[in-house]
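Hi everyone, thanks for coming.

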Amino acid sequence: MASSGIKTSALAVAMLLLLIASTSHAAISCSAVIKDLRPCVKYLVNGTGKPPSTCCAGASALASAATSSADKKAACECIKSAAKSMNPKNDLAQALPSNCGIKLPVTISPNVDCSTVS
């Protein structure tokens, strides 16, 4: 009977580990992506020249947060959806990563193909 209790305990521990492992790989939330890029909206829609430092700080935070393939795809879908409603200037959106001195894993565009993001 003791071996039955050990098996049940082992099963419970295994289930808990699976639960922890699956939640630790959850994709980045759209609200986190929007929060990071919110300082860039005015610049991307009406701006010229270099982006404000708050925009670059947010874009950098997003680049640091979107590390897994799931994060990058989720961020891409969120950015694509937001870009459709805000209609950013394409030249500013494309130049944002280089103007901020970062590598953004996602293109800011309403037309980006998120299935190719990895």
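Let's settle one word before we start: buried means under 20% relative accessible area, exposed means over 50%, and partly exposed is in between, with a 1.4 Å probe and protein chains only as cover. Also, this is a predicted model, where local features need pLDDT of at least 70, side-chain atom pairs count only at pLDDT 80 or more, and totals for chains, interfaces and linings use all residues. Residues are numbered from 1 along each chain as its sequence is written, and side-chain values use heavy atoms, leaving out hydrogens and water.

Okay, the overview. The protein has six helices and zero strands; here helices are DSSP runs of H or I with at least four residues, strands are E runs of at least two, and numbering goes from the N terminus. Of its 118 residues, 30% are buried.

Now find helix α6, residues 90-100. Which of its residues are buried? Leu 92, Ala 93, Leu 96, Pro 97 and Cys 100. They span an arc of only 140 degrees around the axis, so they sit on the same side of α6; that arc is taken from the directions from the helix axis to the C-beta atoms. The face turned away from that side carries Asn 90, Asp 91 and Ser 98, which are exposed. And what covers the buried residues? That includes α3 (41-46) and α4, with contact meaning heavy atoms within 4.5 Å.
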